[in-house]
Amino acid sequence: MNYCNLITIFAFINLLVSIPHGYSNYVETKAGQFFSSGHTNNWAVLVCTSRFWFNYRHVANTLSVYRSVKRLGIPDSHIVLMLADDMACNYRNPKPATVFSHKNMELNVYGDDVEVDYRGYEVTVENFLRVLTGRLPPSTPRSKRLLSDDRSNILIYLTGHGGNGFLKFQDSEEISNMELADAFEQMWQKRRYNELLFIIDTCQGASMYERFYSPNLMALASSQVGEDSLSHQPDLGIGVHLMDKYTFYLLEFLEEVHPASQANMNDLFKVCPQSQCVSTPGHRTDLFQRDPGSVLITDFFGSVRKVEITKDTINLTSPVEPPIKRSGSSDIQIESLTYVDQLPVAEIIHQKPKQKDWHPPDGFILGLWTLILLVFFQTYGIKHLKHIF
Amino acid sequence: MAAPLTLLLIVAVTIRAVLFRSSLAELISARVEVVSPLNAWKRVVEGLALLDLGVSPYSGDVFHETPLMIYLFHFTVDYAEIVFIIADGITALALYLSIQTYNKDVFRKQKYALESDRYSADCLELLRSPKEMFYIPLKVAMFYLLNPFTILSCVAKSTCGLNNAIIALFIFCTLKGSALLSGILLALATYQSIYPLTLFAPALLFFLQRLYIPVNLRRSSFWFFTLQYAFMYVGSLVVITGLSFFLLGSWDFIPSVYGFIFSVPDLTPNIGLFWYFFAEMFEHFRLFFSCVFQINVFFYTIPLSIKLKEHPVFLIFMQIAIISIFKSYPTVGDVALYMAFLPAWSHLYRFLRNIFLVSCVLLACSALFPVLWHLWIYAGSANSNFYYAITLLFNFGQILLVADYFYAYLRREHHLTHGLYLKKKDGTEATLVLK
């Protein structure tokens, strides 16, 4: 009986000890997931490229994505909002200080805490590329800079009028898909992003992501090459189309997302199928390292802080789980990413020896002086030699 | 004559040394009248730097010197100033000695002509005496060394000074009678810039005269000597070109140096006639006009040789003058070379007709060159036409000078044989016209 009691007590103590141990095991396994996405901060660059009253819907598109992104946690300091025209205070707006996204004025996406960073004529191709690559003059204020680092996930949303391979800015200039791809490559080389989600809602939007070649880019577009993206509903009270179809359904989808939701990218790809959108939305994930099914919506649209409060010490000796390999491509070896070697340190440390100066070939010197001597003796004769020596 | 010559050399070296050390040196090195794309010192340094970097110096249309120049300057680039001062000294010395030899020759010929009664009775005042000819070599050396053009050219370190030295040495060897050395030096001068090729004719005529071979195309002795001399000349040219090939291991220098001289691609303004024409010319006329302009340099050789076959040294003077007027990239250094000869023809003074005009034109143009350049390039109130007008006038002055001396020389020869006071058939005074 004593022995029985001892065993029970021993088992009970074991249980007591193992529970927190088990719990910390649980946390340790979860800790692997902490680092699975690899990002620590979120940024968003939302651009509307068209001006004039009849392009109301593009401003409404951008503002609705801004609203979702802010609602899911990204602060204004991490959002660069570029609106090419002011619809809320436009003299043709019958409801001033508002921008509606639903007919019957259900949802005002303008609100009273909208912070526009680039407005009006400041929205140019040059400024957009400068924001992306970080090459801004020193006098640019922080609110106008994309201060991302190599652990930032960036959401880039573009809307406006576009075509096959270009996007029109302000009715006077264009950005081409190659320029965009090169800007992203610059960002990659300058380690300005961890992962980047690129959404574009224009006509023939898929052409804009065709030329991407940098790693960790995922792109969505509202229409394929040769298709137009259509606008959703006109509002008879305001007199213009309020939203584009794709962004309307995207907004509807995002309204269901909250900071803790586990909705992933595969759900986002299903937004606005052809039956609803008339155009065929497209997406591109071949440059992305992780499986889209494991990428949360909030990885890009929200700023979800990975905080888990625990009172126990956790041993992180077990290696971090590697990112889930994409199914179906396990036979293809995905080579590990390396950053470009920007400073050839090896060469700087071991300085190259100084170049030797050029010297005339010895044969030449020999030949030249032999000839000179020959001519000398021919002219003056050998008999003079005895006067020299 | 050694003491005055030494004094002259010291004075010349002092002037050049002082100017080298002053701030004017850089100013002068940049003037387009003094340096041209062919002989600028900046380009020599650039070519040597390219060579040190392991690249052919002829890449990039910067460097247009011959490989032997590369060889020379590779070892003396730090002492360049001394090299150019020595070159000027060699030129002056060579001119001095050659004019001395020439004067002896002239006097000897005059003596023979007097003894053989070839001169008419009333031209005694035209005869030259050793007394008046005594200071001529010194004056020649002085005219070369103290000529502002020469000093400017030396201070700018333009390789024109070296070219002048080679031509002066060639003249010296010719007048001394050494055909081999003359051929070699002429080949060297031709190798440097192609135009001294025209000096082959006067040198040949001099040797023929010296060896008493009559200049008769039907005689075999003429052809025999001509072929000998031509063989020495062409042979040395081939050897020198081959040596240049071995220096750098490529034939790059031929299009860069000779192609450049002939096709005139660089239209930097200079005191010559090419740049303005070619700047405004349509592309498909370019070949035609460059041929015309280049033929203009070589063309005067044959008629002048025929006319002056008894007077090869004067022919050399004329040829050098024509080269420096009509060459594709002339500089004031070229002008200085033939101006050095002028004291040798000081006995022609009484027959010169345009002294005042020519001297005024040359002085005024030399003064106006920098003024109009400044107005064109810096002040912007003139344009290239102004500068080209002065160039034209300068060349006109030079041509007038040369033509004047030509007229005076021929007139003196005519008077020597036909008498000083010429009469027409009806007894009135005749005038002599150069046709």
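Which residue just after H11(B) takes a positive phi of about 60 degrees? B:Tyr212 does.

## Basis of the model

This is a predicted model, in which local features need pLDDT of at least 70, side-chain atom pairs count only at pLDDT 80 or more, and totals for chains, interfaces and linings use all residues. Residues are numbered from 1 along each chain as its sequence is written, chains are lettered from A and ligands numbered from 1 in the order in which they are written, and side-chain values use heavy atoms, with hydrogens and water left out.

## The two chains

Chain A has 11 helices and 10 strands. Chain B has 20 helices and zero strands. Helices (H or I, at least four residues) and strands (E, at least two) are DSSP runs, numbered from the N terminus.

Of the 389 residues of chain A, 46% are buried. For the 435 residues of chain B, the figure is 54%. Buried means under 20% relative accessible area, exposed over 50%, and partly exposed in between (1.4 Å probe, protein chains only). Chain A exposes about 21,100 Å², with 58% supplied by carbon and sulfur atoms. Chain B exposes about 19,900 Å², and carbon and sulfur atoms supply 69% of that area. These areas come from the Shrake-Rupley method with a 1.4 Å probe; for residues, only the protein chains shown count as cover.

Contact means heavy atoms within 4.5 Å. In chain A, 75% of contacts between residues at least 6 apart in sequence join residues at least 24 apart. In chain B, residues 24 or more positions apart account for 76% of the contacts with a separation of 6 or more.

## Helix H11 of chain B

Nine of the 11 residues of H11(B) are buried, so this helix is largely enclosed by the rest of the structure. The buried residues are B:Phe200, B:Ala201, B:Pro202, B:Ala203, B:Leu204, B:Leu205, B:Phe206, B:Phe207 and B:Leu208. Their cover includes H5 (80–115), H9, H10 (179–192), H12, H16 (301–307) and H17 (312–326) of chain B.

One of these covering helices is H12. The axes of H11 (residues 200–210) and H12 (residues 220–248) of chain B come within 11 Å and cross at roughly 130 degrees. That makes H11(B) oblique to H12(B). Angles under 35 degrees count as roughly parallel, over 145 as roughly antiparallel, 65 to 115 as roughly perpendicular, and the rest as oblique. Axes are lines fitted to C-alpha atoms, for helices over the stretch in contact, and angles run from 0 to 180 degrees between N-to-C directions.

The crossing of H11(B) and H12(B) is right-handed. A crossing is left-handed if the near helix is turned anticlockwise from the far one by less than a right angle, and right-handed if clockwise. H11(B) contributes B:Phe200, B:Ala203, B:Leu204, B:Phe207 and B:Leu208 to the contact. H12(B) contributes B:Phe222, B:Phe225, B:Thr226, B:Tyr229, B:Ala230 and B:Tyr233. By class, the contact has 10 nonpolar, one polar and no charged residues. Ala, Val, Leu, Ile, Met, Phe, Trp, Tyr, Cys and Pro count as nonpolar, Asp, Glu, Lys and Arg as charged, and the others, Gly among them, as polar.

## Helices H9 and H18 of chain B

H9 (residues 160–176) and H18 (residues 332–339) of chain B pack at an angle of about 25 degrees, with their axes 9 Å apart. That makes H9(B) roughly parallel to H18(B). Their crossing is right-handed.

B:Cys160, B:Asn164 and B:Ile167 of H9(B) meet B:Gly333, B:Asp334 and B:Leu337 of H18(B). These contact residues divide into three nonpolar, two polar and one charged.

## Buried sites in loops

B:Thr66 lies in the loop between H3 (41–52) and H4 (67–76) of chain B. B:Thr66 is buried, at 1% relative accessibility. Beyond neighbours within four places in sequence, B:Thr66 contacts B:Tyr58, B:Tyr191, B:Gln192, B:Val257 and B:Tyr258.

A:Gln170 sits in the loop between strands S6 (166–169) and S7 (173–176) of chain A. Its phi is near 60 degrees, a positive value in a residue other than glycine. A:Gln170 is buried, with a relative accessible area of 8%. A:Asn216 is in the loop between strands S8 (195–201) and S9 (217–221) of chain A. Phi of A:Asn216 is also positive, near 60 degrees. A:Asn216 is buried at 5% relative accessible area.

## A:Tyr246

A:Tyr246 lies in helix H5 (residues 245–255) of chain A. A:Tyr246 is buried, with a relative accessible area of 3%. Not counting residues up to four places away in sequence, A:Tyr246 touches A:Ile199, A:Asp201, A:Leu220, A:Ala221, A:Ser222, A:Val271, A:Cys272, A:Cys277 and A:Pro281. The C-alpha atoms of A:Tyr246 and A:Val278 are 9.5 Å apart, across 32 residues along the chain.
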